[in-house]
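Me: Please take a close look at one part of this model, the packing of its aromatic side chains. Set it in its surroundings, and state the cut-off behind each term.

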Amino acid sequence: MNTVKTVRELRAAVARARSEGKRIGFVPTMGNLHSGHIALITKATQREDFVVASIFVNPLQFGAGEDLDKYPRTLAADQEKLLEAGCDLLFAPTVEEMYPDGMAGQTRVSVPQLSEGLCGASRPGHFEGVATVVSKLFNMVQPDLAIFGQKDFQQLAVIRALVHDLNMPIQIIGEPTVRAADGLALSSRNGFLNEEQRAVAPVVYRTLGSIAESIKQGERDFPALIQAQRQQLEAAGLRPDYLEIRHALTLRPATAEDRDLVILVAAFLGTTRLIDNLHLNLDTPA
């Protein structure tokens, strides 16, 4: 596996692969890789001939007071994991390479509606930063296919809309969330949890499962259901940012008539913000 740090080197390597008739798969990441990331790489190697991963902690998607400076950077360990997983090329640019003219005057990409509410409400500008850097990476790599995890459900929806609206010839694949044995969604930020917090954290996924089970049993008073489960999260020591039931395709607030639902949660455990979701299609046989 080669590692390149400049757009020129990246494009040259991809061009060589293209000249050999290879299709390009792409997995963008912020590094500090875990099994969830590696599952995306594995899927890419199964689908395409030449797999590119990127590692870039994007300042544009971090707001004031967020964890940009302390976000884990583990390049050497990440390179080993990518090599073992069969990745062909790693693009690991600097901030200066991605934003050579600085970020103040950087052209921004905004995806309305889907970016609003949920994480978009509590992290203003976050999805504009995500959409901008993903657009840049897509233009740099020009992949045939790109793979993202479904743990970031709203982000995936934003990226699907971005690709559709801007007519990018890229297939977007969403891969199921990879979880620890106790149900906690794998995340780089889980490393910030102490031992006691880590023992509490699985209550987030259990809460989603409890809501889903109530809905499957016929409960349609969504506000009451959400309020009861918010109290359960608080009782366990978490501070909910949001807990909502949305239509899975539009992300608008769900109604009692909707059949394709997603339950989404963000909650603080100490200073660590955990996010998760559970997709529930009532027309799909159990």
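**Aromatic packing and its surroundings**

Reply: Leu 251 is buried, its relative accessible area being 4% (buried: under 20%; exposed: over 50%; partly exposed: in between; 1.4 Å probe, protein chains only). The model is predicted, so local features require a pLDDT of at least 70 and side-chain atom pairs a pLDDT of 80 or more, whereas totals for chains, interfaces and linings use all residues. Residues are numbered from 1 along each chain as its sequence is written, and side-chain values use heavy atoms, without hydrogens or water.

Leu 251 sits in the loop between strand E7 (239–247) and strand E8 (260–269) (helices, H or I, of at least four residues and strands, E, of at least two are DSSP runs, numbered from the N terminus). Although Leu 251 is not a glycine, its phi is positive, at about 65°. Asn 32 is likewise a non-glycine residue with a positive phi, here of about 50°. The loop that holds Asn 32 runs between E2 and helix H2 (35–47). With a relative accessibility of 18%, Asn 32 counts as buried.

Phe 26 counts as buried, at 0% relative accessibility. Phe 138 is buried with a relative accessible area of 2%. The ring of Phe 138 also pairs with that of Phe 148: the centres are 6.4 Å apart and the planes stand at 75°, so this pair is edge-to-face. Since Phe 138 lies in helix H6 and Phe 148 in strand E5 (residues 145–149), the pair ties together parts ten residues apart in sequence. Phe 138 and Phe 148 are both buried. Together, Phe 26, Phe 138 and Phe 148 make up one aromatic cluster.

The axes of helix H1 (residues 7–19) and H6 come within 9 Å and cross at roughly 50° (axes are lines fitted to C-alpha atoms, for helices over the stretch in contact; angles run from 0 to 180 degrees between N-to-C directions). H1 is therefore oblique to H6 (under 35 degrees is roughly parallel, over 145 roughly antiparallel, 65 to 115 roughly perpendicular, the rest oblique). On the H1 side, the contact is made by Val 7, Leu 10, Arg 11 and Val 14; on the H6 side, by Asn 139, Met 140 and Val 141 (contact: heavy atoms within 4.5 Å).

Helix H9 (residues 203–216) packs with helix H10 (residues 222–235) at about 155°, the axes being 10 Å apart. H9 and H10 are therefore roughly antiparallel to each other. From H9, the residues that meet H10 include Val 203, Val 204, Thr 207, Ser 210 and Ile 211. Their counterparts in H10 are Phe 222, Leu 225, Ile 226, Gln 229 and Leu 233.

Definitions and conventions. Phe/Tyr/Trp six-rings, centres within 6.5 Å; stacked < 30°, edge-to-face > 60°.
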